[in-house]
Amino acid sequence: MNIERVTILGSTGSIGVQTLDIIRRHPDRFKVASLVAHSRWEQLAVQAREFGAESVVIGDERHYENLKAALADTTIKVMAGSEAINHVAESYRSDTVVNALVGYAGLHPTLLAIESGKRIALANKETLVVGGDIIMAAARRKGVEILPIDSEHSAIMQCLEGEKRKSIRNLIVTCSGGALRNHTLDELKDVTPEIALKHPQWSMGSKITIDSATLVNKGFEVIEARWLFDIEPERIKVVIHPQSIVHSMVEFTDGSVKAQLGNADMHTPISYALLYPERAAEAVEQFSILDYPTLTFAEVDRVKYPALDIAYECLKRGGTAACTMNGANEVAVAAFLGHKCGYLDIVGAIRYALDNATFTQNPTLDDYDRANEEARELARRYLKL
Ligand code: NDP
Ligand code: MG
């Protein structure tokens, strides 16, 4: 079997580290080409040595000298800055690019990797939230596969294997409800980052954990599903499922519903994306249905979680709307994590940005860059940062 060359953007993060766990289990199958991180240069150096990476990029150029010194006795090429990230995504020889960056920073490298014909294993959902139209069009034009790492989309993809498009009635995306699912509307105004970061099921990076609490994450996943599976937003439903065992479902025209179940462990969807169309011979941890005698489902409270309807609204408007939502959210989540604004200000900032941003109906990549900057500026104004 040919050894596949894999580049990981965001190797020091939650998804990046778990991706390396999968690669470690399949030395006959994968070889690391490049590893990219932003600030954790020491961890990046350790990873690069262990996996024999050919090159590394540290996004924050201030850490370049440290990283270079840490790898001075190796032949590993060391680079820094966002141009270097684009360079490894585009020009560096690899078969698959795993994009596990967080936020808007993922958009350009994904597009460049697609344009240069590389297969994409995509965790960075913001790429599709912001520019799903241009990303999917580029992937179609280049004949490039985009394999979702997000557990809900991995589940849907698995449910759709062997099915015909015309047989699909609805996609049903499950949602744990996040860390604040037992808080009342009134209690939300006093929520601190420490409380919102305690996700009941999943251990993830801080930004997505806050997005899960606000349900911005679920809104983003609806947008992600719209682009990945080319389906009308009205046919993407969201249900609360607190146990996070059913990762999502597909409802078919004949009344059948297929679901994918498993532990709340990202190793499974990561290995599905990396090994597709094969499956790993062994799970990191085996799942037993008997551990979960009760699985429950409920409607989403749309008053408590306004972000979900805002995401549907962005899909309806199209153009730069979802890019604006994403940009404002990134600024507001960072401010909330830094104790510079309250929990309810996150959705407040998104609403303000959407109501005041310039709207472009058929954006180019440059228009997305401008919309992202403007959304960030509007959020800063709203939050008085
Ligand atoms: P983390 O915050 O844990 O990791 C993010 C990674 O990206 C780190 O390696 C970080 O580097 C790097 N990074 C961040 N900003 C930049 C930048 N501007 N330039 C270069 N590198 C950067 O995030 P997660 O792993 O949790 O999430 C990654 C993506 O996957 C997100 O889009 C998230 O929504 C999605 N996702 C995550 C899931 C999870 O279980 N974690 C589940 C489903 C989707 P460093 O740490 O060195 O600063
Ligand atoms: Mg998810």
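Start with the open sheet of four strands, ordered β9-β8-β10-β11 with mixed pairing. The edge strands are β9 and β11 (257-261), and each pairs on one side only. Neighbouring strands here are turned by 20° against each other on average, direction ignored. Keep in mind that this is a predicted model.

Next, select helix α7, residues 151-160. The helix packs on the sheet and touches β8, β10 and β11. Its direction makes about 40° with that of β10.

Now select β8, residues 168-175, together with β9. These two strands pair in the parallel sense over five bridges. Zoom in on Ile-172: its bridge partner in β9 is Lys-237.

Find Ile-168, which stands opposite Phe-252 in β10. Strands of a sheet pair through backbone hydrogen bonds, in either the parallel or the antiparallel sense.

Which residues form its covered face, and which its uncovered one? Ile-236, Val-238 and Ile-240 make up the covered face. Lys-237 and Val-239 make up the uncovered face. In a regular strand, side chains alternate between the two faces of the sheet.

Last stop: helix α13, residues 321-337. From first C-alpha to last, its 17 residues reach 24 Å, close to the 24 Å expected at 1.5 Å a residue. Colour the helix by burial: 15 of the 17 residues are buried, so α13 is largely enclosed by the rest of the structure. Then click His-339, which follows α13 and has a positive phi, near 60°.

Methods: Residues numbered from 1 in each chain as written. Chains lettered and ligands numbered in written order. Predicted model: local features only at pLDDT ≥ 70, side-chain atom pairs only at ≥ 80, totals over all residues. Heavy atoms only, no water. Buried < 20%, exposed > 50% of the residue type's maximum accessible area, 1.4 Å probe, protein only. Pairing = 2+ DSSP bridges. Expected span 1.5 Å × (residues − 1). Axes fitted to C-alpha atoms, helices over the stretch in contact; angles between N-to-C directions. Contact = heavy atoms within 4.5 Å.
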